[in-house]
Amino acid sequence: MSQARLLLIGLLFTLPTHCQSFFGSAFMAGSNYQGEIQELSFTFRGMRLAGGFGGHFMIREHLWFSTEFMVGRLSGNDADIRINSNNIARNLNFETGLQELNMLLRLNLLRGLKQPFVPYVTGGGAVFRIDPYAFDATGQKHFLYPLSTEGQGLAGG
């Protein structure tokens with residue numbers, strides 16, 4: 001390929017383009033369970049890998065529609081408890097996969113794509129799926145929802 005063609009291709013990729021109305025994203029993060037089986041709201045020991053991808057579409061210069069899909073894992077274990085040692089004897093633990101799909105509208109409060117700082121307001125909704133399970137002393141996997149471990153089906157709801 002000639003040097004002129006390489007220069008032209010390089011210029012096309014370096015010129016600022018503000019007419020694009022769609023872009024994709026990918027991310028990696030951490031997920032962390034917070035609840036009765038974990039005393040602290042965040043622990044590195046309890047953190048699991050999460051990640052996902054999304055698409056973002058400009059409806060108007062200041063209004064965006066976004067959707068993202070994320071997958072991750074959550075877990076908790078009484079054996080990791082350090083503060084309330086009474087829970088260690090209880091011996092509860094669980095693991096679950098986590099999937100989430102969200103859809104959001106974002107309203108940029110400043111118009112224009114060349115702003116160095118753009119405050120925004122966002123709103124939307126999400127759905128997620130979990131299916132927690134635990135292993136017994138023999139290593140057999142038991143899904144927890146059919147066992148009503150969270151009180152499903154009890155008179156109080």
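Why does Phe57 count as partly exposed? I looked this up first. Phe57 counts as partly exposed because its relative accessibility is 40%; the class lies between buried, under 20% relative accessible area, and exposed, over 50%, with a 1.4 Å probe and protein chains only. Phe57 is found in strand β2. Strands are DSSP runs of E with at least two residues, and helices are runs of H or I with at least four, numbered from the N terminus.

**Ground rules.** I note that this is a predicted model, in which local features need pLDDT of at least 70 and side-chain atom pairs count only at pLDDT 80 or more, while totals for chains, interfaces and linings use all residues. Residues are numbered from 1 along each chain as its sequence is written, and side-chain values use heavy atoms, with hydrogens and water left out.

**Strands.** I checked which strands pair; a pair needs at least two bridges found by DSSP. Strand β3 (residues 63-77) and strand β4 (residues 93-108) run antiparallel and are joined by 15 bridges. Phe65 stands opposite Leu105 in β4. On to β5 (residues 120-130): 11 bridges join this strand to β4, again antiparallel. Here I found Met103 opposite Gly125 in β5.

**Salt bridge.** How many salt bridges does a search of the whole structure find? I got 1. Glu95 forms a salt bridge with Arg73, and their closest N and O atoms are 3.9 Å apart; the limit is a side-chain nitrogen of Lys or Arg within 4 Å of a carboxyl oxygen of Asp or Glu. Glu95 lies in β4 and Arg73 in β3, so the pair ties together parts that are 22 residues apart in sequence. Glu95 is partly exposed at 32%, and Arg73 counts as partly exposed at 32%.

**Rings.** I counted 5 aromatic pairs in the structure. The ring centres of Tyr33 and Phe94 are 4.9 Å apart with planes at 75°, so this pair is edge-to-face. (Rings of Phe, Tyr and Trp, with its six-membered ring, pair if their centres lie within 6.5 Å; planes under 30 degrees apart are stacked, over 60 edge-to-face, the rest tilted.) Tyr33 is in the loop between β1 and β2 and Phe94 in β4, 61 residues apart. Both Tyr33 and Phe94 are buried.

Tyr133 and Phe143 are also edge-to-face, at 5.8 Å centre to centre and 65° between the planes. Tyr133 belongs to strand β6 and Phe143 to strand β7, 10 residues apart. Tyr133 counts as buried at 10%, whereas Phe143 is partly exposed at 38%. Ring pairs link Tyr133, Phe135 and Phe143 into a cluster.

**Charges over rings.** Lys141 lies over the face of Tyr133, 4.1 Å from the ring centre. The charged end of Arg106 sits over the ring of Tyr120, 5.2 Å from its centre. The test is NZ of Lys or CZ of Arg within 6 Å of the ring centre and within 35 degrees of the ring normal.
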